[in-house]
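Hi,

Here is the structure I promised to pass along. Please have a look at it first, and then read on for what turned up.

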Amino acid sequence: MINRTQQEIMQNWGTDNSDTPLVSVRCTTYNHEPYIAQALDGFLMQKTNFPFEVIVHDDASTDKTAEIIREYESRFPKIIKPIYETENQYSKRDGSLARIMAAACKGKYIAFCEGDDYWIDENKLQMQVDFLEMHDDYSTYYSNVEGIDKNGNPLYYVYMIYPFYPSHTIPQSCSLWFGVIGQTATCVTRASVLSKYPNGLLANGDMIISFLAMAKGNVYYSGIPFARHRKVFHGDSWTAKTWGKDMSLWFYKAYMELFEYSRDVLGKSYSNEKSFLSNFIWMKLKECIKKPSINNFLELFEILRLCTFKRKLLYLLIKRKKEQANNIRLRTVIDIYGGGYSLEPYTLRVSCIFRFPFETPVRKIA
C-alpha cells in the first residue's frame, strides 16, 4: 500500500471539496487480487491541485480483490469510493455495468483504468486535465502505454499513433485510421463525451470510447507513457478470450454497428468506412486460404452477406492481391458468392491500418 496519507493527497485541493471532484477515476475489477493494489496505488500517487475520486467497481470477485479494496477504503474514505456487487454485472451484457459506473461518477472529467493495469506517472491527471481545461475544442487526452505480462515483464510493443501526427493532435475531421485511438488506461475524457454511450452494441468499451471521443472533438495523444497495460492470457479477460483467434467476423459486425451509430446518433461519418471494413474481409479471405474449413467459409459468407459495397469490394480485393486472386480457392469463393471480376477504375484505396504492434521496445521497467 502506498506510503501517503489521505491528508497528504488532498493538501493541495484547497477546501475539503471531495464531494465535488473535478475528475472521477473509473476502475472496474474482477478477480484482480494480484494486481488491484498496484492499480489503487497508481491513483493515490497522483499529485493534483484539484479533487478527484476513485470509483472502484468490484464485480462480485471470488478471490480477495474486495478485501484489498476495503483496506484502501478504510484508509482513504474520501477518495476511494467502492461499489461491491453480489452478482456479476459484466456477464449480463445488458449495459448495467456502464449505467452503474455513470451514475456513480460526479466529475467533469472521467479517467479510466481497469484493476489489472496501473498508472506510472504521478502527474498524469494534472497534465491531462490542465490541457483539456485550456482547450475546449479537444474532447479527450490519450497517451502512449507500456505493455507488460501477468508478472510485470515488458512486452515489446506499444500502441503508438502520434508519429502520424507531428502536432500530437488527431483532428475531429480525420478518417478513422485505427480501431481504437489508444489504450483506455491512459484516457481522460470529458464526462459529456460519454453522455451518449450506447448499450447493447457488440463493440467493447475501448472501441466505443474512441468513436465517442472522435465525434465530440479533437483528440490529443502524447508519446509519453502514462500507464502500463497488462496482457493476461487466462480467466475472463478480453485477451484470454480472443488471443490467437480469427476475430474477423466479430470485428466486422462490431465496427459496422459503430459506423452506423456514429452516423445516425453522433452525426459523424467517416470517408474511409468501406476501406476500413474491407480489412476484416481481407483477413477472413486469407484465413480461408490458410485454413480452408467449413466454419471459416461460413463466416466469410456471413461477412459478405452483411457487406453493402460488394462491387467496390471485389475490385479492391483483386487489385490488392492479384496473385491470390488467381489462387483457385479464392477464385472459387468469389465465384460462389456472385462471380465477376470488374476492374472498373473505382477510386477506393486502403488507407487504414488496424491497431498493429510497432517493433519499438518499451523503456526498461524497473
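**Helix packing, cores and one buried glutamate**

Let me start with helix 8 and helix 9 (residues 273-290), whose axes lie 9 Å apart and pack at an angle of about 170°. Please keep in mind that this is a predicted model. Angles over 145 degrees count as roughly antiparallel, and helix 8 and helix 9 are therefore roughly antiparallel to each other. On the helix 8 side, the residues that meet helix 9 are Ser-248, Phe-251, Tyr-252, Tyr-255, Met-256, Phe-259 and Arg-263. Helix 9 answers with Glu-273, Phe-276, Leu-277, Phe-280, Ile-281, Met-283 and Lys-284. Sorted by class, this contact of helix 8 with helix 9 holds 10 nonpolar, 1 polar and 3 charged residues.

Helix 8 (residues 248-266) also packs with helix 6 (residues 205-216): their axes come within 11 Å and cross at roughly 30°. The cut-off for roughly parallel is under 35 degrees, and helix 6 and helix 8 are therefore roughly parallel to each other. The crossing of helix 6 with helix 8 is right-handed. From helix 6, the contact is made by Met-207, Ile-208, Phe-211, Leu-212 and Ala-215. From helix 8 come Trp-250, Phe-251, Ala-254, Tyr-255, Leu-258, Phe-259, Tyr-261, Ser-262 and Leu-266. The residues of the contact between helix 6 and helix 8 divide into 13 nonpolar, 1 polar and no charged.

Now for the cores. The largest nonpolar core has 50 residues, and Ile-181, Met-207, Tyr-252 and Tyr-255 have the most contacts inside it. Two or more residues of this core come from each of helix 4 (96-104), strand 4 (109-112), helix 6, strand 10 (218-230), helix 8, helix 9 and helix 10 (294-306). Which element gives the most to this core? Helix 8 does, with 10 residues. Another core, of 38 residues, lies apart from the largest one, and among its residues are Ile-9, Met-10, Phe-76 and Val-188.

Is Glu-299 buried or exposed? Its relative accessible area is 19%, and the cut-off for buried is under 20%, so Glu-299 is buried. Leaving aside neighbours within four places in sequence, Glu-299 is in contact with Asp-246, Leu-249 and Lys-284.

Best wishes

Key
Residues numbered from 1 in each chain as written. Predicted model: local features only at pLDDT ≥ 70, side-chain atom pairs only at ≥ 80, totals over all residues. Heavy atoms only, no water. Axes fitted to C-alpha atoms, helices over the stretch in contact; angles between N-to-C directions. Helix = DSSP H or I, 4+ residues; strand = E, 2+ residues; numbered from the N terminus. Parallel < 35°, antiparallel > 145°, perpendicular 65-115°, else oblique. Left-handed = near helix turned anticlockwise from the far one by under 90°. Contact = heavy atoms within 4.5 Å. Nonpolar A, V, L, I, M, F, W, Y, C, P; charged D, E, K, R; others polar. Core = buried A, V, L, I, M, F, W, Y, C linked by side-chain atoms within 4.5 Å. Buried < 20%, exposed > 50% of the residue type's maximum accessible area, 1.4 Å probe, protein only.
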